[in-house]
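Please open the structure in your viewer and keep the selection tool at hand.

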Amino acid sequence: MEKKQNSAEITTERQNVASMKTSKKEKLFYGLGDMGNNLILMFVGSFLTLYYTDSAGMAAAFIGTMMLVSRVLDGVSDIVMGIIIDKTRTRWGKARPWILFMAIPFAVSVLLVFNVPAALGVSSKNIYVFLTYIFLTVVCNTAVNLSYLALLPLFSLTSQDRSVATVVRSIFATIASLAVAMMTPSFLMRLGGIHNQAAWSTLAAIYAALSVILLFITFLGVREKVQQIPSGEQKADKKEGKPSLSASLKILLSTRYFYITVLLFITFYVTNGNSGIGIYYARDVLGNAQIFSFQALLSVIPMLIAMPFMPLLFRKFGKRNTMMGGLAISALACSIGLLNPRSIPLYLSIIALRGFGTAALSTAIFTLAGDIVDFNEWKTGIRTEGLATSANSFGIKLGTGLGSAMVGWGLALGQYNPELAVQMPGTINAMIMVALGIPLIVYILCIVMLIFWNLEKYQPQVVQFIADKYHNKDNKVG
């Protein structure tokens with residue numbers, strides 16, 4: 001009799017966990033939001049430095065420093081926005097309303113950034129560029145991106161389900177990045193070239209409009225499943241469902257996995273900001289600017305092929321081991337590329353290998369914050385989606401800012417001159433080190449950090465805890 005009862009309990013527990021999986025449609029709608037986000041972020045990350053130096057006439061050293069300063073300010077805005085999300089109480093939930101409210105300002109900020117008034121003097125241009133870039137990154141992107149990241153553990157309640165949702169998100173984000181990378185150079189030429197302000201304005205408007213539409217779809221199609229005030233014994237005392245900021249911070253800062261994740265985001269996303277060197281590398285090192293489009297294609301196709309297999313690999317080998325193996329492949333690719341950096345076939349081959357190698361980390365990295373949130377709730381009863389994702393968002397922005405700054409600083413150290421048809425040897429060497437040397441260092445550092453990530457050993461207990469607590473069909477925010 002007891003064995004039958006235990007069997008029934010186990011079956012019920014498994015059903016509870018299975019019922020927390022999100023629908024395919026909801027994953028699709030969530031993924032479309034990151035497509036909208038990446039239309040803007042890829043355009044900014046890969047082409048803004050080129051626009052500033054070759055169209056707006058800005059100094060590369062100033063651009064690099066300005067981008068890094070803005071990312072430091074992002075650290076403050078991320079924490080503030082994380083607190084705001086954790087304290088938000090609406091019928092739409094905690095994170096969703098900010099995606100709705102900030103989508104249009106995000107689009108407007110892109111239009112401002114890519115429209116530097118030509119009539120301004122050098123000092124006035126510097127001020128305009130700094131203020132508009134701050135508005136884009138520190139205010140608008142923080143609100144949209146952090147809300148989007150915080151939404152994941154609010155609508156997807158298990159680590160494995162989040163891995164699948166993140167695969168969908170990553171595929172859409174990758175498609176958006178590929179589309180921007182491949183279409184932008186040809187569109188710029190058709191619209192008048194990189195020195196034509198109207199060409200940049202038109203492209204910025206197109207990407208901004210598409211971004212708003214896709215972010216609205218995410219808002220309408222995704223529902224938060226975690227109650228604003230936890231159920232069970234905490235429901236009787238409303239205050240217990242709203243932990244203080246100091247308590248939430250103390251819990252988060254006492255978890256070593258939190259620090260590992262933040263450092264991992266900072267380090268890995270250096271390569272994201274570093275992507276701005278790609279158009280320079282194709283044009284000046286390889287001698288053909290059109291190769292940039294092929295480079296983007298070859299970096300994305302291996303990722304798109306590999307990503308659907310990631311949840312299976314995560315289950316079989318674990319997320320940490322899969323990520324480390326992929327990073328080792330990417331590090332090897334960069335090492336090979338440095339042997340003959342001017343070879344077009346070799347360069348395109350190692351770009352493809354890097355894309356394949358980073359597929360695991362690109363997929364899994366956004367699930368780590370949710371794993372920490374669940375782990376801390378299992379230990380303390382308190383969820384901190386806003387604060388946890390704000391730290392990760394800070395890592396993304398600081399890493400991207402560092403990568404972008406390295407592009408500007410590298411060009412400046414190499415004495416880049418936009419007026420020269422053929423760059424000097426020192427400039428070429430600087431571009432090679434930024435494009436291949438920095439990513440090599442990044443991949444090695446990420447492998448070292450992942451050695452200390454062993455949170456997966458707690459997953460069975462954490463998953464069952466979440467299943468027991470949130471298996472409630474009425475537990476949805478409309």
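Two residues are said to be in contact when heavy atoms of theirs lie within 4.5 Å. Among contacts in the protein chain between residues at least 6 apart in sequence, 86% join residues at least 24 apart. What you see is a predicted model, in which local features need a pLDDT of at least 70 and side-chain atom pairs count only at pLDDT 80 or more, while totals for chains, interfaces and linings use all residues. Residues are numbered from 1 along each chain as its sequence is written, and side-chain values use heavy atoms, with hydrogens and water left out.

Start by colouring the chain by pLDDT, the predictor's confidence in each residue on a scale from 0 to 100. The average over the protein chain is 83, and 90% of the residues score at least 70. Now select residues 228-240, where the pLDDT is below 50 and the model has 15 contacts beyond near neighbours in sequence. Residues 473-478 also stay under 50, and for them the model has 19 contacts beyond four places in sequence.

Next, switch to a cartoon view, in which the protein chain shows 20 helices and 0 strands; these are DSSP runs numbered from the N terminus, with helices (H or I) of at least four residues and strands (E) of at least two. Of the 478 residues, 58% count as buried, where buried means under 20% relative accessible area, exposed over 50%, and partly exposed in between, with a 1.4 Å probe and protein chains only.

Select Pro-117, which lies in the loop between helix H4 (96-113) and helix H5 (122-155). Is this residue buried or partly exposed? Pro-117 counts as partly exposed because its relative accessibility is 31%. Leaving aside neighbours within four places in sequence, Pro-117 is in contact with Lys-125 and Tyr-128. From Pro-117 to Tyr-128 the distance is 8.5 Å, C-alpha to C-alpha, although the two are 11 residues apart in sequence.

Then select the cysteines Cys-140 and Cys-334. Cys-140 counts as buried because its relative accessibility is 0%, and Cys-334 counts as buried because its value is also 0%. A disulfide is a covalent bond between the sulfur atoms of two cysteines. With the cut-off that the pair of cysteine sulfur atoms lies within 2.5 Å, the structure holds 0 disulfides.

Finally, select Phe-452, whose place is in the loop between helix H19 (425-450) and helix H20 (459-470).
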